[in-house]
Structure formats: C-alpha cells, structure tokens
Amino acid sequence: MTNKQERLKTLPAMDQLLLATDADTRFDDCPRKVVLDALRTAVEALRKEILSDNTPDTGDDAVLTRAAGIAAERMKNRLIPLINATGVVLHTNLGRALLCQDALDNIRTVSAAYSNLELNLATGKRGIRYAAIEELICELTGAESAMAVNNNAGAVLLTLNTIAQGTEVVVSRGELVEIGGSFRVPDVMTKSGCCLKEVGTTNRTHLRDYEGAINAHTGLFLKVHTSNYKIEGFTAEVSLADMVALGREKGIPVMEDLGSGTLIDFGPYGLPAEPVVSERVATGADVVTFSGDKLLGGPQAGIIVGKKQTLDKIRANPMTRALRIDKLTLAALESTLKLYRDEAAAVAKIPTLKMLTMDYDTVSGKAENIFKALEPAIGDSADLALADMESRPGGGSYPDLRLPTRCVTLRPKHMSVTALEKALRAATPPVMGRIEDDRFIMDPRTIQAGQEDLLVTTLTTLLNTQRDTKRNTK
Ligand SMILES: *Cc1c(COP(=O)(O)O)cnc(C)c1O
C-alpha cells in the first residue's frame with residue numbers, strides 16, 4: 001500500500017460531508033444541487049492533489065471550507081453592476097445607456113402584471129405590439145409611421161431585406177463602415193439579400209456618382225451616418241436631401257442608417273452637431289433607422305421611421321417577428337420617449353443626456369467631493385491629485401466629441417498602477433478607469449450618484465491593505 005493510497009482513504013465520505021453542510025451557515029442560500037456539486041468538486045480537487053504527491057488537509061473542516069468557496073462562486077451573478085470611471089458615456093462594453101427612473105418603474109409595473117401588449121382594449125381584438133410607441137415616435141420625429149425592433153443592426157437588416165432584396169443598393173465608398181462587434185455595412189447588405197453597388201471614393205462622392213450607378217437593377221440609395229469615424233480634409237459627400245431629390249426623379253427609394261440618431265439638437269449644449277432624426281425625416285427620405293440605446297438613452301432597440309407605405313411592408317416581413325422587441329423594452333422605450341416631449345425634462349432625467357451635457361463646474365464639484373473623501377482615507381498609500389483633462393464621452397461612437405472635465409488621479413505607492421487597475425476590476429463592485437502617465441485616472445462624469453462612497457471604500461480598502469501587507473513583510 002503506497003503512501004498515496006493511504007492518503008486517499010483519509011478523504012471524507014460524501015454522506016458525512018453533506019450532513020455537515022446542514023448545520024453550516026455558509027451553505028444556507030445554496031440549493032442542494034449546488035452544495036453537492038461543490039462538495040464533489042472539492043473532493044475531486046483534493047484527490048488530484050494527493051495523486052500528484054501533495055499532502056493537502058483532508059479534514060472535514062478543510063473540505064467544507066473549500067466547498068463553501070466553490071459554492072459561493074457558483075451562486076454569484078455573472079452579470080453585475082460596476083462603477084464606470086472612464087468618462088465614456090456611450091460605452092458598448094459597459095452596457096451602453098443607463099435607463100431613466102421612469103423607464104425602470106414602468107418595466108416593473110408592466111412586467112409584474114398581464115398587459116395589453118397585443119390587445120386592442122377598445123375593440124377586444126388582437127392589437128399591434130408597436131401601438132404603444134408608434135404615435136409617440138411619429139410625434140417626436142414627424143414621421144408618418146414608426147416601429148422598433150431588437151437593435152439598429154436588426155433594423156438595417158430588416159429594412160434592406162424588405163425594400164431592396166434582390167436589387168442593387170447604391171452606397172458611397174466613404175460610408176462602408178464597420179461598427180464594433182463585427183457589424184459591417186457590406187456584410188449586412190449581403191445577408192439581407194441585396195447587392196452592394198459602391199460609388200465615389202473614400203473621401204469624395206458626388207451626386208453624379210449616384211446618378212451614374214443607376215441601372216435596371218437599382219433598388220435603393222442608402223446613406224450611412226459615419227458615427228464612429230470622421231473623414232477630414234479634401235472631402236465631399238452628398239446630402240440626404242440631394243439623394244432624396246435624385247431618388248424622386250428616378251423612382252428610387254432612399255434610406256438612411258443614422259446609427260446614433262438623436263431627438264434633440266446637442267448644439268445649444270456646446271456639443272458637436274449630430275443629425276437630429278426629425279430633420280432627416282423632413283428631407284423626405286423613405287426610411288430612417290437609429291439606435292434606442294446610443295444618443296437616445298433608452299433601452300437596446302432599433303427604431304425605424306418613415307413613410308407609411310414602407311413601414312407597412314416592413315411590418316409584413318416575416319423577419320420582423322424574429323427581431324421583435326419584448327414588453328420590457330417596449331415599457332422602457334415608451335417611458336423614455338415620453339420625456340422627450342419636454343426637452344428640459346429629457347436632459348435632466350435621461351442619464352445619457354445628463355452625462356453628455358454635464359458642464360465643467362458640475363464634473364469639477366464631483367471630482368472635488370471624491371478627492372476630499374479619499375485624501376484622509378488613503379493617507380500615504382497613494383499620491384492623489386485633481387487634474388483638468390478632456391473626456392471622450394462618445395467612446396467609439398461620437399468620434400470628435402471631447403469635453404473639458406476634472407479627474408481624480410492617483411499613483412499608488414505600494415503597488416504598480418497596472419496592478420491597481422487589475423485589482424479594481426476584480427473588486428466588488430468593479431471599478432473601471434484608465435491609466436495615463438503611470439497614474440490611475442477616474443473621470444466623475446460617468447460615476448453615478450450614490451456610487452461615490454462605494455468607490456472611496458473600495459479604493460481605500462485596496463490601497464491600505466496593500467500598504468499594510470508591504471509593511472508586515474518588511
Ligand atoms: C451603432 C450603429 C449600428 C448598429 O446599431 P446597434 O443598435 O448597435 O445594433 C448600425 N449602423 C450605424 C451607422 C451605427 O452607428
């Protein structure tokens with residue numbers, strides 16, 4: 001009998017362990033399945049350690065502690081809230097738009113009870129899912145008709161498939177964009193059954209290019225808003241209005257994919273002009289698509305507005321069913337859109353708008369509050385400062401947007417700044433910031449009310465623990 005086999009025999013029996021978990025509060029919230037699985041995993045790990053000649057503690061307590069750790073890990077949510085200190089308001093990796101309170105309340109109200117999702121209460125007959133928002137979107141954009149699908153990528157795919165399948169779609173070479181997450185205009189075109197007809201050059205496209213591309217197969221003029229990059233210098237693009245005029249003359253419909261369409265003009269808030277949906281609709285374009293969770297600040301959705309005739313065709317496309325939005329989205333979208341009837345209310349209550357229009361003094365005040373709370377708490381464990389910087393609140397989707405901001409910056413004294421950044425990502429809640437010039441930068445623009453205290457506690461605990469560990473090992 002080898003030493004290994006002797007040691008394997010010391011592993012406690014499952015029945016015995018399972019019985020012990022009954023009285024162990026660490027397993028209180030775990031379903032039996034999870035407890036069993038954690039115990040098996042723990043015992044299996046010990047068995048492997050013994051077989052590779054280690055001498056782990058195989059006592060009941062040691063095994064239970066291991067299992068409790070495994071069970072706790074399995075019980076954790078994988079999708080969790082975090083503190084966004086990057087200053088990037090439209091952050092695709094961090095969940096894009098935060099919903100306004102009205103939207104959150106309405107999701108709760110509508111989803112906790114049965115609803116008239118597809119019932120016309122006046123007639124008692126089957127109703128249309130999009131009825132809740134169609135009038136509202138039309139009111140806000142001036143469009144004849146409107147609907148919403150899962151996201152804007154879906155809206156583009158569905159619209160192209162409905163009105164241009166089997167035809168040539170004319171697009172400027174300067175607008176063949178790729179959006180993050182592998183959405184590429186040429187690929188979407190192929191998937192929707194259309195044939196891409198590129199015209200012009202990367203930097204310059206003229207109306208005569210569109211005109212010259214027309215043949216018997218031409219089915220659509222498509223304009224794509226290049227919302228995530230900018231071509232500068234010697235450039236020329238054809239306005240939507242000119243495309244519409246040419247389309248009318250030649251009997252060719254015109255579509256615009258706006259990407260991040262906005263319902264308000266950002267100009268008065270000192271932000272670069274972004275196309276406002278109502279202005280695009282007013283050009284007479286047949287159909288315009290845009291995102292619900294970019295500049296609009298609502299739930300993930302793709303909104304389609306335009307001529308009734310075109311929208312009717314889209315509603316009749318079987319693909320619509322596959323891309324339909326659910327009642328949670330509908331509830332959130334209705335509440336968010338309603339706020340746009342009063343621009344001041346929209347800017348005050350929709351988090352995306354509030355953060356994008358936040359002035360320097362407000363950001364600066366937030367930065368100072370965080371600084372004042374951190375300074376005494378972290379003592380000598382980091383070099384702390386306030387710095388005027390520029391935030392790029394658009395991330396990948398608002399390329400030239402830069403806003404003056406005031407950041408809290410720190411350089412830890414007992415760990416590297418990269419180690420700090422990594423530890424903050426692993427914290428509860430995780431804190432996302434950025435590193436610049438060997439300092440950790442936190443932009444308060446995107447830190448939500450109520451998160452400041454959490455941020456201060458998380459940072460303090462981390463920095464002070466690191467300092468004390470260093471001291472004790474000296
Ligand atoms: C963002 C974007 C899309 C995709 O929108 P999602 O809502 O992310 O699906 C499509 N086209 C353009 C021009 C965009 O900017």
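The following legends describe an overview and several close-up views of a predicted protein model.

The model is predicted, so local features are reported only at pLDDT of at least 70 and side-chain atom pairs only at pLDDT 80 or more, whereas totals for chains, interfaces and linings use all residues. Residues are numbered from 1 along each chain as its sequence is written, and side-chain values use heavy atoms, with hydrogens and water left out.

**Figure 1. Overview of the predicted protein.** The secondary structure comprises 19 helices and 15 strands; helices (H or I, at least four residues) and strands (E, at least two) are DSSP runs, numbered from the N terminus. Along the principal axes, the C-alpha atoms fill a box of roughly 90 × 55 × 45 Å. Of the 474 residues, 47% count as buried, where buried means under 20% relative accessible area, exposed means over 50%, and partly exposed lies in between (1.4 Å probe, protein chains only). Among contacts with a separation of 6 or more, 75% come from residues 24 or more positions apart; a contact means heavy atoms within 4.5 Å.

**Figure 2. Packing of helix α17 against helix α19.** Helix α17 (residues 360–378) packs on α19 at an angle of about 30°, with the two axes 10 Å apart. Axes are lines fitted to C-alpha atoms, for helices over the stretch in contact, and angles run from 0 to 180 degrees between N-to-C directions. The helices α17 and α19 are therefore roughly parallel to each other; angles under 35 degrees count as roughly parallel, over 145 as roughly antiparallel, 65 to 115 as roughly perpendicular and the rest as oblique. The crossing of α17 and α19 is right-handed, a term used if the near helix is turned clockwise from the far one by less than a right angle, with left-handed used if anticlockwise. From α17, the contact involves Lys366, Ile370, Ala373, Leu374, Ala377 and Ile378. From α19, Glu452, Leu455, Val456, Leu459, Thr460, Leu463, Asn464 and Arg467 take part. By class, the residues of this contact of α17 with α19 are nine nonpolar, two polar and three charged. Ala, Val, Leu, Ile, Met, Phe, Trp, Tyr, Cys and Pro count as nonpolar, Asp, Glu, Lys and Arg as charged, and the others, Gly among them, as polar.

**Figure 3. Crossing of helix α18 and helix α19.** The axes of α18 (residues 417–426) and α19 (residues 452–472) come within 11 Å and cross at roughly 130°, which makes α18 oblique to α19. The crossing of α18 and α19 is right-handed. Leu420, Ala423 and Leu424 of α18 meet Thr458, Leu459, Leu462 and Leu463 of α19. This contact of α18 with α19 has six nonpolar residues, one polar and no charged.

**Figure 4. Crossing of helix α7 and helix α12.** Here the axes of α7 (residues 152–164) and α12 (residues 308–316) come within 9 Å, crossing at roughly 105°; α7 is thus roughly perpendicular to α12. Leu158, Thr159, Thr162 and Ile163 of α7 are in contact with residues of α12, namely Thr310, Lys313 and Ile314. The contact of α7 with α12 comprises three nonpolar, three polar and one charged residues.

**Figure 5. Surroundings of Tyr130.** Tyr130 is placed in the loop between α5 and α6 (131–141). With 7% relative accessibility, Tyr130 counts as buried. Residues up to four places away in sequence aside, Tyr130 touches Met147, Ala148, Thr320, Arg324 and Ile325. Leu117 lies 13 residues from Tyr130 along the chain, and their C-alpha atoms are separated by 8.5 Å.

Figure 6. Most residues other than glycine have a negative phi, and most peptide bonds are trans. The peptide bond from Thr428 to Pro429 is cis, with omega near -5°, and Pro429 sits in the loop between α18 and β13 (431–432). Arg96, in the loop between β1 (83–84) and α5 (101–111), has a positive phi near 50°. Asp438 also has a positive phi, near 60°; Asp438 is located in the loop between β14 (434–436) and β15 (439–442) and is partly exposed at 44% relative accessibility.

**Figure 7. Cysteines Cys30 and Cys195.** A disulfide is a covalent bond between the sulfur atoms of two cysteines. Here a disulfide is counted as a pair of cysteine sulfur atoms within 2.5 Å, and a search of the whole structure finds zero. The closest cysteine sulfur to that of Cys195 belongs to Cys194 and is 8.6 Å away, too far for a bond. Cys195 is partly exposed, with a relative accessible area of 43%, whereas Cys30 is buried at 13%.
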